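Reader: I'd like to learn how to read ring contacts in a model. Can you walk me through some?

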Amino acid sequence: VFFPDAAPEDLEGALLRVQLLADIPKSYQEQSQAVQARGDAEKLAIVLDTLAEVNAQSRYAAAGLALCNSLAGRLNCQRVSFGWHERGFIRLQAMSRTERFDRKMAAVQEIEKVMEEAFDQDDEIIWPKPEHYVLVNRDHGAFAAAGQVAAVCSLPLRREGKPVAMLTLERKEGSFSALEIQQLRLVADQVVNRLEDLKRRDRWLDARVAGEG
């Protein structure tokens, strides 16, 4: 900074102001890092807490319900549903705060239809549609309108890069943020192995009991 023709007694105050201005980039960077650190810690906490609740279950159905209940509570969702891809179709496995449900219910079939839309595209499907969004979310929009919910999000659970299951989340108020979508991706990646292992083991146990009977 150049001060032409400045009196010596004026330079001290000018120098102080320049030093304060010089600290602005450093202060902004420190604040941004602190905000990012809090966001990373929050994101990781939800993932670890949900994973712990799923891992605590010894049966497949209970683990699916624990997954839905954990996400519904931590992400302020009206309902969270979990489905598995079986014989070419998504079949609903669990819904938050619901011990039992009738597969013939219209609501169950609508949830499975929404899951199919995301499964077929093998990607996160979000409603309302974010800016520059190119994926098809027609079924999600119709589902949101019929259920009078503000936001719907579905995402695949993958094994070896291929989708094997789905999560669908509904929210009465507010949309799903980019941070929440990241959290859901991490949760999906961490729980899918445990769920598939329990599903396979329960199927083997049921077959063994049936054989002994």
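Reader: How many aromatic pairs does the structure hold?

Author: Rings of Phe, Tyr and Trp (its six-membered ring) pair if their centres lie within 6.5 Å; planes under 30 degrees apart count as stacked, over 60 as edge-to-face and the rest as tilted. By that rule, this predicted model holds 3 aromatic pairs. Take Tyr60 and Phe82: the ring centres are 6.2 Å apart and the planes sit at 65°, so this pair is edge-to-face.

Reader: Where in the chain do Tyr60 and Phe82 lie?

Author: Helices (H or I, at least four residues) and strands (E, at least two) are DSSP runs, numbered from the N terminus. Tyr60 belongs to helix 2 (residues 60-74) and Phe82 to strand 1 (residues 79-86), so to speak distant parts of the chain, 22 residues apart and linked by the pair.

Reader: Which kind of pair do Tyr60 and Trp84 form?

Author: Edge-to-face, with 6.2 Å centre to centre and 85° between the planes.

Reader: Is Trp84 buried or exposed?

Author: Buried means under 20% relative accessible area, exposed over 50%, partly exposed in between (1.4 Å probe, protein chains only). Trp84 is buried, at 5%, and Tyr60 is buried too, at 9%. Phe82 is also buried.

Reader: What sits over the ring of Phe176?

Author: A charge sits over a ring if NZ of Lys or CZ of Arg is within 6 Å of the ring centre and within 35 degrees of the ring normal. Here the charged end of Arg171 does so, 4.3 Å from the centre of the Phe176 ring. Arg171 lies in strand 5 (residues 162-171) and is buried, with a relative accessible area of 5%.

Reader: What does Arg171 touch?

Author: Contact means heavy atoms within 4.5 Å. Leaving aside residues up to four places away in sequence, Arg171 touches several residues, including Leu75, Val149, Phe176 and Glu180.

Reader: Where is confidence lowest, and where highest?

Author: pLDDT is the predictor's confidence in each residue, from 0 to 100. The lowest mean, 69, belongs to helix 1 (residues 8-55), and the highest, 98, to strand 5. The protein averages 87, and 78% of the residues score at least 70.

Author: Some housekeeping: residues are numbered from 1 along each chain as its sequence is written, and side-chain values use heavy atoms, with hydrogens and water left out. In this predicted model, local features need pLDDT of at least 70 and side-chain atom pairs count only at pLDDT 80 or more, while totals for chains, interfaces and linings use all residues.
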